[in-house]
Amino acid sequence: TIPLLHGAHRIGKRMDVDMNRWRGYGLGQFIHWGLYSILGGDYNGKHYNGAAEWIRSWNQLPNAVYDSLYKQFNPKDFNADKWAAMAKQMGVKYVTITTKHHDGFCLWPSKYTSYNISNTPYKKDIIKQIVDAYTKVGIDVYLYFSVMDWHNPDWRYDLKSASDTIAFNKFKKFTQSQLEEQLRMYPQIKGFWFDGTWDNSWKKSGAFSDSLDQDLKRIHPGLIIGSRLRADDYGKRHFDSNGRLMGDYEQGWERTIPETFADTHGNDWECDMTIPENGWGYAKQWMGHWKTSDELIEMLAKCVSLDGNFVLNFGPKPNGTFRQKEVADAKAIGDWMKINNTAIYNCAHVNWEKQDWGYFTTPTSQDDKVYMIVFNVPVSGALRVLPTKNILLKKAYLLDGDKQLSIEKLDGSAYFVHLPNEGQKQPFVVVLETEKGKNGKQDINKHI
Ligand SMILES: C[C@@H]1N[C@@H](C(=O)NCc2ccccc2)[C@H](O)[C@@H]1O
């Protein structure tokens with residue numbers, strides 16, 4: 001291996017109480033809210049084709065116009081308790097909220113820049129209201145923070161001169177000050193979600209990213225920080241120059257999901273997903289396909305079946321309310337979770353052969369139970385199950401209503417679980433009770 005000062009400091013998963021809680025979340029909510037929400041992807045009668053929260057980078061929009069939007073930010077209908085109630089009904093266990101996106105505008109009253117919420121007509125601390133409201137209903141809060149800050153004159157994409165380095169050193173101090181300020185102001189939070197760390201300036205700041213990570217965890221023990229923060233001695237990100245994950249979980253699955261368990265490298269990981277094809281901040285017109293709630297529930301099941309969490313993004317309007325499609329999806333997912341969350345919360349990957357009908361999960365607390373989350377009912381009504389060796393199926397029944405299902409043992413070690421022909425129209429869960437075969441050991445991957 002290559003000797004590294006700022007590579008991974010831990011091999012394997014974090015196994016402390018905070019990370020074990022994170023591992024069991026299953027479902028989370030992301031919220032992108034800020035000045036970009038005012039424009040909603042449009043300006044001067046034209047539509048910006050990029051992600052709506054990137055509109056400041058559009059050459060049709062002068063920076064000065066964007067940077068004066070704060071003078072009109074006044075979300076009259078914002079009610080953090082209503083946001084928290086919607087998230088609670090949806091069944092999310094954690095929320096990640098933008099405190100500062102790439103545009104540099106701070107949704108909290110930072111004392112390190114005047115470009116913050118206290119200098120808007122709204123004035124009040126949005127982050128505090130969200131942290132308090134979500135914590136009150138038992139949803140853990142994580143703060144999204146973009147290192148890249150287009151508004152700060154000391155931000156640099158690369159370090160090509162002594163003056164770049166002097167400016168960027170000031171910028172790194174500013175960054176650390178803002179983060180330590182957030183830890184002091186919002187001690188209830190459980191972690192940070194870093195973004196905007198892909199440029200050369202940051203790749204050359206591996207030592208700083210390492211010390212920042214350690215400083216924040218010293219101030220706030222147990223803090224959870226993903227792999228998008230750090231760079232190693234050679235500018236490698238996510239995985240260091242020895243291929244080891246730097247961070248508490250793999251934070252690279254943005255609008256994409258691993259296909260197989262091998263793709264997850266056996267790490268903890270999180271998928272962050274948009275309902276439209278792209279775009280995180282509010283956009284007046286969502287282009288392309290809008291995912292249905294059934295598609296979103298399947299993505300959730302797939303993530304949990306591969307030992308990951310599924311985090312769905314919401315982009316509130318400038319007035320602080322959510323668009324109808326987002327409210328409807330939160331409700332539909334919540335209704336499904338009310339019946340089926342046993343197969344999602346505190347569940348893990350099962351190393352049985354993947355089947356076409358859907359996904360297996362298993363509760364981390366019980367190794368004689370396996371859940372089948374079914375999306376594709378075959379016309380035969382027969383769901384194939386091929387457990388790993390020495391595992392026998394004892395019982396099969398529907399999670400919703402306990403109806404017993406007949407199990408047919410095929411030769412070899414496969415089974416068919418026969419479904420009643422009831423034309424299921426929603427994804428549903430079958431519970432399998434298993435037992436060890438003679439001289440069998442329970443070898444369901446327990447990744448705990
Ligand atoms: C969570 C999202 N990340 C921001 C972004 O700029 N993504 C572009 C990107 C996508 C994948 C790897 C690096 C960078 C988007 O604006 C959202 O905030």
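Helices (H or I, at least four residues) and strands (E, at least two) are DSSP runs, numbered from the N terminus. This is a predicted model, in which local features need pLDDT of at least 70, side-chain atom pairs count only at pLDDT 80 or more, and totals for chains, interfaces and linings use all residues. Residues are numbered from 1 along each chain as its sequence is written, and side-chain values use heavy atoms, with hydrogens and water left out.

**Stop 1: helix 9**

Select residues 293–305, which form helix 9. Because 13 residues at 1.5 Å a residue should span 18 Å, the 18 Å between the end C-alpha atoms agrees with expectation. The expected span is 1.5 Å times one less than the number of residues.

Now color by burial. Buried means under 20% relative accessible area, exposed over 50%, and partly exposed in between (1.4 Å probe, protein chains only). Helix 9 is mostly covered, with ten of its 13 residues buried. Among them are Leu296, Ile297, Met299 and Leu300. Lys302 is also buried. Step just past helix 9 to Asp307, where phi is positive, at about 70 degrees.

**Stop 2: the ligand**

The selection holds His32, Glu53, Trp54, His101, His102, Tyr144, Trp193, Asp195, Trp198, Arg228, Glu254 and Trp280. By class, this shell has five nonpolar, three polar and four charged residues. Here Ala, Val, Leu, Ile, Met, Phe, Trp, Tyr, Cys and Pro count as nonpolar, Asp, Glu, Lys and Arg as charged, and the others, Gly among them, as polar.

Which side chains should you check for distances to a ligand oxygen? Start with His101, whose polar side-chain atom lies 2.8 Å from one. For Trp54 the distance is 2.9 Å. An N or O atom in the Tyr144 side chain is 3.4 Å from a ligand oxygen. Taken alone, the ligand exposes 440 Å², and the protein buries 74% of that. These areas come from the Shrake-Rupley method with a 1.4 Å probe.

Stay with Arg228, one of the shell residues. Arg228 sits in the loop between strand 7 (224–225) and strand 8 (250–254). Its relative accessible area is 8%, so Arg228 counts as buried.

**Stop 3: salt bridges**

A salt bridge is a side-chain nitrogen of Lys or Arg within 4 Å of a carboxyl oxygen of Asp or Glu. The count comes to 26.

Select Lys100 and Asp149. Their closest N and O atoms are 2.8 Å apart. The pair links distant parts of the chain: Lys100 is in strand 4 (residues 94–100), and Asp149 is in the loop between strand 5 (140–146) and helix 6 (162–185), 49 residues apart. Both Lys100 and Asp149 are buried.

Next, go to helix 8 (residues 206–219), where Asp213 and Lys217 lie four residues apart, about one turn of the helix. Their salt bridge has closest N and O atoms 3.8 Å apart. Why does Asp213 count as buried? Because its relative accessible area is 8%. Lys217, at 22% relative accessibility, counts as partly exposed.

Finish with Lys403 and Glu422, a salt bridge with closest N and O atoms 3.6 Å apart. Lys403 lies in the loop between strand 15 (391–398) and strand 16 (406–409), and Glu422 in the loop between strand 17 (415–418) and strand 18 (428–436). Lys403 is partly exposed at 39% relative accessible area, and Glu422 is partly exposed at 47%.

Conventions. Near = heavy atom within 4 Å. Polar contact = N/O pair within 3.5 Å; in protein donor to acceptor, adjacent residues only side chain to side chain.
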